[in-house]
Amino acid sequence: MAKPSKLPEKIAKLHAALSEKSFAIKDIKFIDPKGSRPLHYWISLNLVGNHAPDENDNSSNWVKFSFYEFIWILVIRRLKELNYDNDILKENAKSVFTKQEEDLRMLAFEKAVITALTVRNAPVLLFFGLNGEFDVKYDVEGIASILFNDHDGLYTQTNVYRFVREFLCVKQFLPYIKENGLLEDREIQALEVLYNNPKAEIGIRVENKPEIIIKPGESAVQEFISTIMLEKYSGISIRL
């Protein structure tokens with residue numbers, strides 16, 4: 001077996017930061033005000049990695065999650081919306097937290113998340129099989145191999161970008177985003193303006209397209225994050 005490659009310094013530093021246990025159960029309320037109860041239940045079923053509570057501590061309030069685990073919790077929410085069976089999901093979770101990325105010092109799921117943060121503008125699809133399989137594909141050919149080849153079970157697919165974007169849109173997570181460099185400095189400046197100035201507009205210059213204007217409104221932050229994650233842009237202007 002080939003020895004895993006050494007990660008580039010910038011990626012290794014980011015990976016180490018995202019692996020820190022920085023989130024608690026209460027943090028799910030910033031995305032879903034009623035999310036604590038189901039999260040406690042998912043923990044008790046071992047759906048969120050190795051976080052089963054001690055038999056003598058039913059509160060689970062001591063549990064901490066890494067950024068990767070928090071993104072996985074958002075994936076679970078999506079799969080449960082699709083009426084995903086807990087037994088199948090438990091097998092998927094085992095695969096998510098054990099499947100290593102070939103030639104890299106990280107899990108396949110971790111690579112998918114970090115790719116969505118750093119590369120952007122590229123498909124990163126997660127596949128969850130009814131037989132408990134988990135896979136990640138980054139290109140059209142790889143995606144087609146999942147969709148059109150024979151497998152032991154059907155697959156549910158979802159794009160990891162939706163969960164990364166969901167996290168990036170939460171105001172309470174902005175200090176974490178800044179501390180760990182999940183967005184560029186100018187992007188963070190624009191976010192802060194959108195949060196603090198309800199009349200501000202953000203202009204995003206995109207090559208060979210008219211400038212994209214993010215107008216004031218309840219959906220301004222979501223539109224801004226979606227645009228910078230999906231478009232190859234050349235500049236951001238802030239208009240107060």
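**Helix 9 and helix 10**

I started with helix 9 and helix 10, which are roughly antiparallel to each other, because the angle between their axes is about 165° (over 145 degrees counts as roughly antiparallel). Their axes lie 10 Å apart. I took axes as lines fitted to C-alpha atoms over the stretch in contact, with angles from 0 to 180 degrees between N-to-C directions. Helices here are DSSP runs (H or I, at least four residues), numbered from the N terminus.

This is a predicted model, where local features need pLDDT of at least 70, side-chain atom pairs count only at pLDDT 80 or more, and totals for chains, interfaces and linings use all residues. Residues are numbered from 1 along each chain as its sequence is written, and side-chain values use heavy atoms, leaving out hydrogens and water.

Helix 9 passes helix 10 in a right-handed crossing (the near helix is turned clockwise from the far one by less than a right angle). From helix 9, I found Glu187, Ala190, Leu191, Leu194 and Tyr195 in contact with Ala220, Val221, Phe224, Ile225 and Ile228 of helix 10 (heavy atoms within 4.5 Å). By class, I noted nine nonpolar, no polar and one charged residues in this contact. Ala, Val, Leu, Ile, Met, Phe, Trp, Tyr, Cys and Pro count as nonpolar, Asp, Glu, Lys and Arg as charged, and the others, Gly among them, as polar.

**Helix 3 and helix 4**

Next I looked up helix 3 (residues 67–81) and helix 4 (residues 86–96), whose axes come within 12 Å and cross at roughly 155°. This pair is therefore roughly antiparallel, and helix 3 passes helix 4 in a right-handed crossing. Trp72, Ile76, Leu79 and Lys80 in helix 3 meet Asn86, Leu89, Ala93 and Val96 in helix 4. I noted six nonpolar, one polar and one charged residues in the contact.

**Lining of the largest pocket**

Which helix gives the most to the lining of the largest pocket? I found that helix 1 does, with four residues. Helix 1 (9–19), helix 5 (108–118) and helix 9 (185–196) each supply at least two lining residues. The lining has five nonpolar, three polar and six charged residues.

Technical notes. Parallel < 35°, antiparallel > 145°, perpendicular 65-115°, else oblique.
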